[in-house]
Amino acid sequence: MTKIGIILGSTRPGRNGEAVARWVLDVARQRDDAEFTLIDLLDYRLPHLDEAVPPSLGQYSQPHTQEWARTIDSFDGFVMVTPEYNHSTSGALKNAIDFLYAEWNNKAVGFVSYGSAGGTRAVEHLRLIAGELQMADVRAQVALSLFHDFVNFSEFKPGAFQNDALNATLDQVIAWSKALAPLRAQ
């Protein structure tokens, strides 16, 4: 079965991302075409990148990096749930991505973003990063507005149409994850 990790890309106290990631997981688990797991960056407590050797060489020396690498390596694709901070993604998500290289290669990635402009500028940056990591970013995405999908900017209440956007994103992530399987097997 295709394994998709849903990465909760915020570690901020009071983060909106937890409710968003749990919604993604709840919708995803209604499907039977893949296995879905929530990956909360808070559970990994990654410090600022502290590996002396570039990740592209795969010579991880820190136990936290080795654990993170095993986790990411075990998935076929990802949905990254990201806030938009200052027209980009969170520092925590960027840092977590930067720890690894080969573990991201030849995997699909889709995005669920949130912010005042739907988090779309964060996704623009993540798409550039995904390309460098040899990931296939899918076209469909979910852009959640703090003005329309949250009550008082904090209580998550997505519009009904967002379920369609999420399922379209999941459809593409699963299809691309399966299509890239031969490349990962090499």
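A polar contact here is a pair of N or O atoms within 3.5 Å; within protein, one must be able to donate a hydrogen and the other to accept it, and residues adjacent in sequence count only if both atoms are side-chain atoms. The legends below describe a predicted model, in which local features need pLDDT of at least 70, side-chain atom pairs count only at pLDDT 80 or more, and totals for chains, interfaces and linings use all residues. Residues are numbered from 1 along each chain as its sequence is written, and side-chain values use heavy atoms, with hydrogens and water left out.

**View A. D76 and its polar partners.** Start in the loop between α2 (63–73) and β3 (77–83), where you will find D76. Helices (H or I, at least four residues) and strands (E, at least two) are DSSP runs, numbered from the N terminus. The D76 side chain makes a polar contact with the side chain of R184 at 3.3 Å, and the D76 side chain also reaches the backbone nitrogen of K3 at 2.7 Å. With a relative accessible area of 19%, D76 is buried (buried means under 20% relative accessible area, exposed over 50% and partly exposed in between, with a 1.4 Å probe and protein chains only). Apart from neighbours within four places in sequence, D76 is in contact (heavy atoms within 4.5 Å) with M1, T2, K3, K107, A108, S177 and R184.

View B. Helix α5 (residues 161–179) has 19 residues and reaches 28 Å from its first C-alpha to its last, close to the 27 Å expected at 1.5 Å a residue; the expected span is 1.5 Å times one less than the number of residues. Which residues of α5 are buried? They are Q162, L166, T169, L170, V173, I174 and S177. Seen down the axis of α5, these buried residues fall within an arc of 130°, so they line one face of the helix; the arc is that of the directions from the helix axis to the C-beta atoms. Turned away from that buried side, the other face carries the exposed residues F161, D164 and A179.

**View C. Where α1 meets α5.** Helix α1 (residues 17–28) packs with α5 at an angle of about 70°, their axes 11 Å apart. Axes are lines fitted to C-alpha atoms, for helices over the stretch in contact, and angles run from 0 to 180 degrees between N-to-C directions. The two helices, α1 and α5, are therefore roughly perpendicular (65 to 115 degrees; under 35 counts as roughly parallel, over 145 as roughly antiparallel and the rest as oblique). From α1, W23, V24, V27 and A28 make the contact, and from α5, Q162, N163, L166, N167 and L170.

**View D. Helix α2 and its packing partners.** Here H64, T65, W68, A69, T71 and I72 are the buried residues to look for in α2. They cover an arc of only 160° around the axis, which puts them on the same side of α2. These buried residues pack against β1 (3–8), β2 (35–40), β3 and α3 (91–98). P63, R70 and D73 are exposed on the face turned away from the buried side of α2.

**View E. R121 and H87.** R121 sits in helix α4 (residues 120–132) and counts as partly exposed at 25% relative accessibility. Not counting residues up to four places away in sequence, R121 touches E84, H87 and S116. H87 belongs to the loop between β3 and α3 and is partly exposed, with a relative accessible area of 45%. Although H87 is not a glycine, it has a positive phi of about 65°.
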